Each structure stands twice: as structure tokens, then as C-alpha cells.
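Reader: I am new to this. Please take me through the labels step by step.

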Amino acid sequence: MAFDATFYAFVGLVLFLALIVYLKVPGTMGKALDQRAEKISNELMEAKRLREEAQSLLAEYQRKRKEAEAEAAAIVATAQREAEALTAEAKEKTEEYVARRTALSEQKIKQAEVDAINAVRSAAVDLAISAAENVLANKADAATSMSLFDKAVAEVKTRLN
């Protein structure tokens with residue numbers, strides 16, 4: 001029987017496969033593949049857990065963002081109400097101040113009018129008294145002038161009171 005190179009290659013292959021089986025390479029490879037598959041499975045589970053955790057964190061942050069936006073809107077609304085209240089209060093106080101100042105000014109004007117009228121009356125009385133004195137001094141004697149003067153003074157006093 002003649003053996004050619006194909007036969008020796010076949011025998012070499014069979015011996016190689018037998019050696020591989022004897023050294024338990026397929027079992028080792030299976031274990032390695034099983035470990036690799038388990039590692040990949042663990043990594044997938046970890047990734048899934050992390051994804052769920054990230055989604056829950058995302059949901060929590062979105063909820064917190066919505067709460068913060070609602071709180072900010074409430075703060076803005078409160079600030080607007082306070083600003084409107086302060087504006088209304090300031091307007092009211094300004095109107096009250098203007099009304100008080102107007103009333104005070106009107107009162108001062110009325111007092112000035114009264115004072116002016118009294119000053120004019122006083123000046124007119126003084127002038128009348130002076131004129132009457134001059135007229136009476138020229139026309140009357142001392143006794144008559146004294147009696148007329150006393151009468152005029154008494155009349156002026158009654159008018160002023």
C-alpha cells in the first residue's frame with residue numbers, strides 16, 4: 001500500500017484532533033466561552049440596571065425641573081402681585097400727600113386772604129382815624145376832639161371784635 005502526502009496529512013489531522021481531545025481543549029474552550037457568555041450577560045444586566053437607573057434619575061430630574069419651574073412661576077406671580085400692591089399703595093400715598101398739600105395750601109391761601117383783608121381794614125381804619133384826627137383837630141376844640149377820638153376808637157374796637 002502506497003502512502004502519499006494526503007494520507008500523512010489525514011493521519012496528522014487525526015492525531016492533532018486526538019491530542020486536542022486528550023488535553024480537553026474543547027471543554028476548556030467551552031468553559032472559556034461559557035465564562036465569556038456569562039460575563040457578557042452580566043455586563044448586559046449591569047447595562048440594563050444602569051439604563052433603568054439613568055431613566056429613573058432622568059424622570060426625577062424632569063420632575064424636579066417641573067417643580068422648580070412651578071416654584072419660579074409662583075415666585076414671579078407673587079413678585080408681580082407685590083409690585084402691583086406696592087404701586088397701588090405708592091399711588092394712594094402720593095394722592096393722599098397731594099390732597100394734604102393742596103388742602104394745606106388752600107388753608108394758607110385763605111389765611112393769607114384773611115390776613116390781607118385785616119391788614120387793609122387796619123390800614124383803612126388807621127388812615128380814617130388819622131384823617132378824622134386831622135379834620136377834627138382843624139375844626140374842633142380839645143374836648144370835642146377827645147370825645148370824637150374815644151368814640152372812633154370804641155367803634156373800631158367793636159368792628160374788630
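Author: Phe-3, Phe-7, Tyr-8, Phe-10, Val-11, Val-14 and Leu-15 form a nonpolar patch on the surface. Together they have about 680 Å² of accessible area. The model is predicted, so local features need pLDDT of at least 70 and side-chain atom pairs count only at pLDDT 80 or more, while totals for chains, interfaces and linings use all residues. Residues are numbered from 1 along each chain as its sequence is written, and side-chain values use heavy atoms, with hydrogens and water left out.

Reader: What makes a group of residues a patch?

Author: Patch members have over 30% relative accessible area and no salt bridge; nonpolar side chains (Val, Leu, Ile, Met, Phe, Trp, Tyr) are joined within 5 Å, and like charges within 9 Å. The areas come from the Shrake-Rupley method with a 1.4 Å probe, and for residues only the protein chains shown count as cover.

Reader: Where does Phe-10 lie?

Author: Phe-10 lies in helix α1, residues 5-22. Helices (H or I, at least four residues) and strands (E, at least two) are DSSP runs, numbered from the N terminus.

Reader: How many aromatic pairs are there, and how do you know what counts as one?

Author: Rings of Phe, Tyr and Trp (its six-membered ring) pair if their centres lie within 6.5 Å. Planes under 30 degrees apart are stacked, over 60 edge-to-face, and the rest tilted. The count comes to 1 aromatic pair. Phe-7 and Tyr-8 form this pair, at 5.8 Å centre to centre. Their planes are 70° apart, so the label is edge-to-face.

Reader: How many salt bridges are there, and what makes a contact one of them?

Author: A side-chain nitrogen of Lys or Arg must lie within 4 Å of a carboxyl oxygen of Asp or Glu. By that rule the count is 6 salt bridges. One of them joins Glu-53 and Arg-49, at 3.1 Å from N to O. Both residues lie in helix α2, 4 residues apart, about one turn of the helix. Glu-53 has 38% relative accessible area, so Glu-53 is partly exposed. Arg-49 is partly exposed too, at 39%.

Reader: Why are Lys-64 and Glu-60 separated by about one helical turn?

Author: Because Lys-64 and Glu-60 are 4 residues apart in helix α2. Their closest N and O atoms are 3.2 Å apart, in a salt bridge. Arg-63 and Glu-67 meet in another salt bridge, at 2.8 Å from N to O. Arg-63 and Glu-67 are also 4 residues apart in helix α2, so about one helical turn separates them. Salt bridges that share partners join Glu-46, Arg-49 and Glu-53 into one network.

Reader: What makes a space a pocket, and which residues line the largest pocket?

Author: On a 1 Å grid over the protein atoms alone, a pocket is an open set of points with protein on both sides within 12 Å along at least five of seven lines. Lining residues have an atom within 4 Å of a point. Val-125, Ala-128, Ile-129, Ala-132, Ala-152, Glu-155, Val-156 and Arg-159 line the largest pocket. Helices α2 (25-139) and α3 (142-160) each supply at least two residues of this lining.

Notes: 1 Å grid on protein atoms, 1.4 Å probe; cavity = no way out; pocket = protein on both sides within 12 Å on 5 of 7 lines; lining within 4 Å. Buried < 20%, exposed > 50% of the residue type's maximum accessible area, 1.4 Å probe, protein only.
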